Amino acid sequence: RLAKKLIAAEEPVRTVEQQQAEPSTQELTEQEPPKPPIFEDFQGAPQLTLFPRVGDFRPADESDRLPYWSTFIEHLVKVTGVADDQASGSRGWVFRSIKSIDSVGYFSPLAVEPQTAHKVSFSLTAELVEGASAGIGIIEFNQFLWIPGQYTEETFKQHFRGSVEGKRLTDTIKGEQTFTFTTGPDTRMIHLILFREGAHDRNSLMFDNIRIEATNK
């Protein structure tokens with residue numbers, strides 16, 4: 001199984017605490033937002049900023065569910081990292097599911113232009129149990145938000161403009177996958193979503209060689 005072939009590499013996953021210690025929103029908005037073309041092979045300096053994602057939304061600050069959500073986020077971070085596959089020699093982004101949560105993953109915010117065609121390619125190695133699926137999808141928003149973490153339902157609904165399932169895979173997965181999508185007329189930002197959904201198991205999955213580029217420019 002894949003989980004038995006992986007060796008943790010030197011680069012640790014960015015923890016929630018590290019994300020919170022990063023530059024303020026004001027400092028970030030003075031920077032150029034990340035945008036395609038981007039290629040991430042997890043070999044050198046990070047090209048994608050990946051934030052943990054559990055369920056559809058982050059509970060509001062006053063919600064009784066927030067502590068439980070925070071615990072699940074911390075658990076996800078603990079089972080995530082850049083790792084080497086001994087069998088193939090490749091290096092990629094590795095995580096696995098969490099018991100009692102049917103949707104986990106990571107997202108990377110990217111600035112895009114409206115009505116622009118894009119191609120996404122990636123490699124995925126996984127052995128999924130029946131009832132589980134994994135892949136990469138797209139969520140579209142109307143502006144680039146410098147929010148270093150998962151959105152609340154209120155923020156999500158305010159800025160949401162559409163979604164693309166992308167590529168959803170099941171069973172035993174190995175090799176390159178591709179899909180295309182075109183941003184909507186109001187889309188200014190996407191979340192590139194690396195997801196794992198459905199029935200729980202303890203097998204890890206590895207994403208590698210993630211590329212996204214505009215194709216009609």
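## Aromatic rings and a loop residue

Tyr106 has a relative accessibility of 0%, so it counts as buried. Keep in mind that this is a predicted model. Trp93 is buried too, with 6% relative accessibility.

By the ring-centre rule, the chain holds 13 aromatic pairs. Here are two of them:

| Pair | Centre to centre | Angle between planes | Geometry |
|---|---|---|---|
| Trp93 and Tyr106 | 5.2 Å | 85° | edge-to-face |
| Phe179 and Phe181 | 6.4 Å | 35° | tilted |

Because Trp93 belongs to strand S5 (residues 91-95) and Tyr106 to strand S6 (residues 103-111), their pair ties together parts 13 residues apart in sequence. Phe179 and Phe181 are both buried. Elsewhere, one aromatic cluster brings together Phe51, Phe57, Phe107, Phe141, Tyr151, Phe156 and Phe160.

Now for Thr183, which is in the loop between strand S11 (176-182) and strand S12 (189-198). Is Thr183 buried or exposed? Its relative accessibility is 3%, under the 20% cut-off, so Thr183 counts as buried. The Thr183 side chain reaches the backbone oxygen of Glu113 at 2.7 Å, and a polar atom of that side chain lies 2.9 Å from the backbone nitrogen of Gln115. Beyond its neighbours within four places in sequence, Thr183 has contacts that include Val112, His118, Glu140 and Ile190.

Stepping back, the chain has 5 helices and 13 strands, and 48% of its 217 residues count as buried.

Conventions. Residues numbered from 1 in each chain as written. Predicted model: local features only at pLDDT ≥ 70, side-chain atom pairs only at ≥ 80, totals over all residues. Heavy atoms only, no water. Helix = DSSP H or I, 4+ residues; strand = E, 2+ residues; numbered from the N terminus. Buried < 20%, exposed > 50% of the residue type's maximum accessible area, 1.4 Å probe, protein only. Polar contact = N/O pair within 3.5 Å; in protein donor to acceptor, adjacent residues only side chain to side chain. Contact = heavy atoms within 4.5 Å. Phe/Tyr/Trp six-rings, centres within 6.5 Å; stacked < 30°, edge-to-face > 60°.
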